[in-house]
Amino acid sequence: MRIIGFTILFLVFFSGLSAQIPPSVDSIIRYFSDNDRFLGAAAMSVKGGEPVSWYAGYSSIEGRAPVNSQTTFRIGSITKMFTATLILQLEQEGKLSTSDKLDKYFADFKYGKQTTLMHLLTHSSGLHNFTQDSGYVEMMGLQRTHEEMVDLIKEVGYDFEPGAGVSYSNSGYVLLGYIVEQVSGKPYKDALRERILVPLKMNQTRFGYPGATPPEEAYSYTYEYAWLAATNTDLSIPHGAGAIVSTPADLCRFIEGLFQGKLINEKQLEKMTKHKPDELGAGMFMYPFYSHVSYGHSGGIDGFVSQLGYFPEDSVAIAICFNGMRSEPNDLAFGMLSAYFNTPYTYPDFSVSAVVLSDEQLEKCVGTYVSDNFPLEIFVTKGKVGLRAQATGQSDFPLEAMSETDFRFEAAKIWMEFRPSADGQIMSGMKLTQMGNSYEFKRK
């Protein structure tokens, strides 16, 4: 992990406001960027018009390369919308059925004869999410073959029988990406290009590949008193679950084309948008905003965070791609939508700043913390700069010190309040608060 030791000059550029997009949207984006809250780009389009884009910060801090119209971003799980679209296209052409069983494509899965492609599409298969497995952090940077990934997904197994519940799973979409290749007879990248990218003129989108980062692709960063270079997942691992690289403008073109019937028919689109109680659509989530309803997906991989949504009744698309984020990702999207729909909005208060603590002060917090009402242990360690925290089987994240006992991870709205022991030599426990829920932990 490399520490970036200089101050970022934040620059905001935009491609020219449409008469249909109020200037207040631009003001919201400038407020976040002026307060050093994100690196990346955003776009909006209205009624099928050309997307309007904004760019902030750097695609490479080390190289002092500003984000611009040529910068591409890893979009993580938004890839699942593309994979679902490809599967539904193939079904529309009679080349597969979403009622097909998994064992038609892969042998030796425990519930292969009960698991349907629709189970995979709607996260109701019960397949364990391999990215939550304890060994994932160690493997994420290593190239994997299809066979190795299938074996891994078989090994981690099922959390419940197919159809018995809903649990978000990257495992299912990795398999769906491989099924696209089996049925189309082409590598995923070629099926993606021929079936989606070329028809919609998405010239800056591609299927990511293992190896060095291309010049136009952004590097990603996390913030820990300064911007730090993030991890770099080998894209052979997420495949159809998260390996596409794109831009906000291209993402707007994709979701508009999807809802305009340019990729699949209305019957197939309904499989993505019809959300029953306790179920998910095929590759798509529903996001309400006051009286407006959008459909889309979010994504996260390494330091990249992305969001995509479309409001069918309003014909509005919004997409955001961050290669570095210091506040909760929804905050910026909520602000942009509030400005567009002219709804009440309070600007976040970014005036509270972090403090720098000594090694001795940080060491008091280092340890393992357990709770009677939280299922995971929390491991607090000292990083190169400040503290880091990690829940069992999860990726670690930085903690900014607000005081000697109070720390936060603003991007996930996590606050940790540590309690000193009687002699003040160590912290005997802490309270973790996230999204209004609080949990008491004791030092193990």
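Visitor: Which residues of helix H7 are called buried?
Guide: They are Tyr188, Asp190, Ala191, Leu192, Arg195, Ile196 and Leu197, where buried means under 20% relative accessible area, exposed over 50% and partly exposed in between (1.4 Å probe, protein chains only). This is a predicted model, in which local features need pLDDT of at least 70 and side-chain atom pairs count only at pLDDT 80 or more, while totals for chains, interfaces and linings use all residues. Residues are numbered from 1 along each chain as its sequence is written, and side-chain values use heavy atoms, with hydrogens and water left out.

Visitor: What makes S15 and S22 a pair?
Guide: Two strands pair if DSSP finds at least two bridges between them. Strands S15 (residues 367-370) and S22 (residues 437-443) run antiparallel and are joined by 2 bridges, so they pair. Tyr369 has Arg443 in S22 as its bridge partner.

Visitor: In what order do the barrel strands close?
Guide: The 8 strands run S15-S16-S17-S18-S19-S20-S21-S22, with antiparallel pairing.

Visitor: How many bridges join S20 to S21?
Guide: There are 7, and S21 covers residues 427-434; Pro420 stands opposite Met427 in S21. The two strands form a hairpin with 6 residues between them, and Gly424 in the turn has a positive phi of about 75 degrees.

Methods. Helix = DSSP H or I, 4+ residues; strand = E, 2+ residues; numbered from the N terminus.
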